[in-house]
Number of protein chains: 2
Amino acid sequence: MEKINSDNENLYKALPTAVKERLPKYYRTLRTLIGDDILRTRSADLARFMKITPSQVRQDFSYLGGIGNQGYGYNVKDLYSAIGNVIGIPNNYSAVIICRRAGFALALASDQCFSTRGVNLKKIFTDDSGDFTPPDPDKYKLPNIAERSTANNDPAYLRAANYCRENRIDIAVLACDKSETDAAAICLADADIKGIWNFSGKEIETSKKNICITDMNMPDILLGLCCEITNKNIPGTAK
Amino acid sequence: MEKINSDNENLYKALPTAVKERLPKYYRTLRTLIGDDILRTRSADLARFMKITPSQVRQDFSYLGGIGNQGYGYNVKDLYSAIGNVIGIPNNYSAVIICRRAGFALALASDQCFSTRGVNLKKIFTDDSGDFTPPDPDKYKLPNIAERSTANNDPAYLRAANYCRENRIDIAVLACDKSETDAAAICLADADIKGIWNFSGKEIETSKKNICITDMNMPDILLGLCCEITNKNIPGTAK
């Protein structure tokens, strides 16, 4: 079996967007296989999980510089590690959460969204004025006690940006108020943040800053679902 | 100026996926314009907000059966209402949240994700055994006190499904444990739910059920951002 070539960094650039977008799901699928002690897999099996065709799977992996032997399949751990390298798992990215309300951070942090993916959630900054106490830090698996409003009442994003600069943080999860989004993005860019996962509900202008942005507009996503339901419910069409 | 034709429901079916996906953002953009008392807009202005070209905007609206006069522009309120109709805002969809932990529901519910988009969040079902009390229901703008574990210890999704059946609920926000996803989806389908916004981390098989599904895999989205950061950081490429 050929080994997946994960060393050639130049390959990454050539990855089509659709392939890039599938990498996290491949990674998750392979992780599940490893958990189930399945150490060899075929493109047909992966295709079923991924809901694409086996030839699409083979084509995706051809971009990673290696293919498994036909009929013999892929070594799951090699593939997991190769895809992890493309994603950047070995970089051990660090992250902070900046949020208006601690509930949001609790929800994200407690779901082990970060720890299980090799991202080190370092600190949570919130504008909650301390009246929201995690009921059981162990249960909620918080990385440490969340940073709270300080006496001088600086907004969370400002305190976070200072922390990020001093601690070379890679990723900021931003769930501030819409009115603070622009100011927060500028501060975080100045603090050399590499990526912002933006839940603030207002898009961040990327043109000026060399930061990767993932905009999450939850109401938009909800309306997308409504739109699908509405279109399915057209009178006269099969239900 | 021609009026947007929003009555012809057959048009909806013909909407390309890319146009459908842009509708929530159009809706949000128009909403912002109305809030700013801007009652007439041009495709060039909308294009700037939408980060697409003016001709794409005009083409999108041509699918809605009407176009503004060149040089005169669109009536913002008409357009807002027409797009709202396509999305299904007048249907006043109802929703419940089903979650392992109340923090998640608090975060979603308190952000007015639902109320500002005409979706009526009716109830929250959680498996939290009551040790998580919203510090201030008014502040968190919860629709009403969350339903808690009952004496018989039925999982939240089961209690929710019963409620959904009795109250003809349209949308379930599902943030149960991965191990419960399949069972929950079946129960909710039996309760005639029309759409599931799935945060459980496991995809729901749609083939068997006539339900619209929006899968949200938060760790996948985080890894997508990591992947972008990694690819930007390739040594030798412009930073």
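So, helix H3 of chain B, residues 43-50, and helix H4 of chain B, residues 54-62: their axes come within 8 Å and cross at roughly 100°. That puts H3(B) roughly perpendicular to H4(B), a label for angles of 65 to 115 degrees. The axes here are lines fitted to C-alpha atoms over the stretch in contact, with angles running from 0 to 180 degrees between N-to-C directions. Helices are DSSP runs of H or I with at least four residues, strands are E runs of at least two, and both are numbered from the N terminus.

Before I go on, this is a predicted model, where local features need pLDDT of at least 70 and side-chain atom pairs count only at pLDDT 80 or more, while totals for chains, interfaces and linings use all residues. Residues are numbered from 1 along each chain as its sequence is written, chains are lettered from A in the order in which they are written, and side-chain values use heavy atoms, leaving out hydrogens and water.

Okay, who touches whom? On the H3(B) side you've got Ser43(B), Ala44(B), Leu46(B) and Ala47(B), and they meet Pro54(B), Val57(B), Arg58(B) and Phe61(B) of H4(B), with contact being heavy atoms within 4.5 Å.

Now over to chain A, with its 9 helices and 7 strands. Look at helix H8(A), residues 181-190: Thr181(A), Ala184(A), Ala185(A), Leu188(A) and Ala189(A) are its buried residues, meaning under 20% relative accessible area with a 1.4 Å probe, protein chains only. Down the helix axis they fall within an arc of 130°, so they line one face of H8(A). Their cover includes strand E3(A), helix H7(A), strand E5(A) and strand E6(A).

Definitions and conventions:
Angles under 35 degrees count as roughly parallel, over 145 as roughly antiparallel, 65 to 115 as roughly perpendicular and the rest as oblique. Buried means under 20% relative accessible area, exposed over 50%, partly exposed in between (1.4 Å probe, protein chains only). The arc is that of the directions from the helix axis to the C-beta atoms.
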